[in-house]
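Notebook open, structure loaded. I'm jotting down what I look up as I go.

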Amino acid sequence: MPGYIDSRQEYRKFIGRKAFIIAVFIFLIFTLGGIAVTIGPMKFSFPDVYKAIFNHFFPGYFNIPEMSQAVIWKIRVPRTLTALLAGFGLALAGTQMQAILRNPLASPFTLGVSAGAGFGAGLATLMGISFTGGKYFLIGNAFLFSLIPAFVVFFLSRIKRMSPGVMVLAGISLAYIFSAGTMLISYFSRAEDLKALSLWMMGDAGKTTWSDLGPLAIVLILASFLLIGKSGALDVMNAEDETAKSLGVNVERTRIFIMAVSSLITASVICFTGMIGFVGLVAPHITRMLIGANNRFLVPASGLFGAAFLLSADIISMKIIEPSVLPVGIVTALLGGPLFFLLIVKRQGREYW
Amino acid sequence: MVTLRINDIEFSYPSVSVLKGISMEIMPGEIVAIIGKNGAGKSTLIKCMNRILEPGKGKVFLGEKELKRMKGKDIAKSMAYLSQKASYVFPVTVFDVVLSGRYPHLARNSGQRDEVRAAEVLKMMELENLAMRYFNEISGGQQQQVLIARALAQEASILLLDEPTSDLDIKHQLEVMETVRKLVRDREIASVITIHDLNLASRYADRIVMLKNGLIFAAGDAASVLSARNIAEAYGVQVSINKVEGRPHIIPVCPLRS
């Protein structure tokens, strides 16, 4: 039966191309990762980087000076990993938010997550108020407050059935409320505290150490598995709600579940890095252009692309005014924006969203 | 093959009551057309049939089971629904659309067997050359055919179609109806179709249910339901009726003053 084998083989080829693109992304991440670690006041070669990392697990295999070893493993690698994890998480959350809200404008920040984090950070920095202490005085507070919008939307949707459009509006309203709150406390604050807060808000991959990366990585790995497991339901929800329901998807429950997981991812990322915008909005779109909207592939690919994208931005932020370093949050939008416009102008025919 | 039984269902939106007590039965191997003017409750009724909407009162039975107590995926294994305005926000291929029909049968992600199934359906429907095209880029008539293919991949024994012909030219209208008739005849599938075109209903339906103000106004074969008097009552339109191939052929004349 040549007929039916044909369309399936075509589809297999189509899938094969997606797998190839994902492989390219992974290669890109290892390459960029190596390059990123070489940058800084102390110069290393690309092979040195991977030798030092290898040495950490098998000490003494390569001959690397102890100082270099320490700089690479304790300072440079955590920064690189932070950029990778943050990019991965934000892009993953963005893909999910766009899918469940059926809205190309959705991003990890749509539901007011970042505004919540900003307010939490503001309370800690400006007013000295935090629900967490010690090392996590600011981070913990930002994390807790960034989850509030998700809870509010969650409870509202329990009481009243909410369409995706209303959920977006509720999120935007919460963002305004939190921003106003942040402005209010800023108005009564000292200039130096304000500077500290706005620096935090700009988003930076260089604030983390190995001990922060553990929890972040655990959240991201668990969340990724949960989300990738939902990709079949997400594919069905690409159609309008009635169709999705008729195919057996519990649309409301899936929407709430994914919203909760995405908010958790976003909160975990930005409490360590500050607000890194744009990646979560645009990485899913660019990946969709390259790989299509099939979530089984889009979800991991978009995460990987986001990781590569944010790491590239971080490399530029370290290089552009060397030896000073720009906050990466500035670079993502400043460079990503024009890149995105270029793609919009160059793309032909097909509507990608 | 299962029978769908609807027992005195009522449905209201917050400010309007749409269905006011409707009972009917859908048997395997028949095409039932639901007609009535805009707002009569056609789409609401079809959505209550597979729990997209839950009726406020009354019960729906799929075979022996009450719909309310069934899992969404189990309902989807028996009933497929084609919405009035099918749209995919993000571009997907026709193959992916058809493959999504496998969702109720999957524990996790779709596998090789599901792809084979999707490919078989595409071949059977002679849609293979569309497989790698994007759903949003094919014509409305092709889209309807693809959605029917999705329903077949779903292996549903009841096909609920909400105005499948509304946006189509006359050729595609006929093609869609022919496809449905063929499936119903060949596979003992049942089909419920809401439709505005009375002549298509007359020609293809085994049974016609005419709604008026949320109630069944008339039900039966085309000749008995599509009388000038019924149409005047339900639609407020004066018509003249001829017979074509033994079935009523309706020519609208003018709207009646209410």
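This is a predicted model: local features need pLDDT of at least 70, side-chain atom pairs count only at pLDDT 80 or more; totals for chains, interfaces and linings use all residues.

I looked up β1 (residues 4-12) and β4 (residues 57-62) of chain B: they pair in the antiparallel sense, over five bridges. I picked B:Arg5 and asked for its bridge partner in β4(B), which turns out to be B:Phe61.

Next, the whole sheet. I get four strands of chain B in the order β2-β1-β4-β5, an open sheet with antiparallel pairing. Which strands stand at the edges? I find β2 (17-26) and β5 (65-66) of chain B there, each with a single partner strand, so one side of each has no neighbour in the sheet.

Then the chain contact. I count 37 residues from chain B and 33 residues from chain A in it. On the chain B side that touches chain A, the elements giving two or more residues are α2 (72-78), β6 (79-82), α3 (94-100) and α4 (112-124). I note that α4(B) gives the most, six residues. By class, I have that side of chain B down as 21 nonpolar, eight polar and eight charged.

Last, a helix pair in chain A. I checked α3 (residues 66-101) against α12 (residues 279-291): the angle is about 70 degrees and the axes are 7 Å apart. The two are therefore roughly perpendicular to each other. For the contact, I wrote down A:Gly87, A:Leu90, A:Ala91, A:Ala93, A:Gly94, A:Thr95 and A:Gln98 from α3(A), facing A:Val279, A:Gly280, A:Leu281, A:Ala283 and A:Pro284 from α12(A). My class tally for this contact is seven nonpolar, five polar and no charged residues.

Terms used. Residues are numbered from 1 along each chain as its sequence is written. Chains are lettered from A and ligands numbered from 1 in the order in which they are written. Axes are lines fitted to C-alpha atoms, for helices over the stretch in contact, and angles run from 0 to 180 degrees between N-to-C directions. Angles under 35 degrees count as roughly parallel, over 145 as roughly antiparallel, 65 to 115 as roughly perpendicular and the rest as oblique. Two residues are in contact if their C-beta atoms, placed from the backbone, lie within 7 Å. Ala, Val, Leu, Ile, Met, Phe, Trp, Tyr, Cys and Pro count as nonpolar, Asp, Glu, Lys and Arg as charged, and the others, Gly among them, as polar. Two strands pair if DSSP finds at least two bridges between them.
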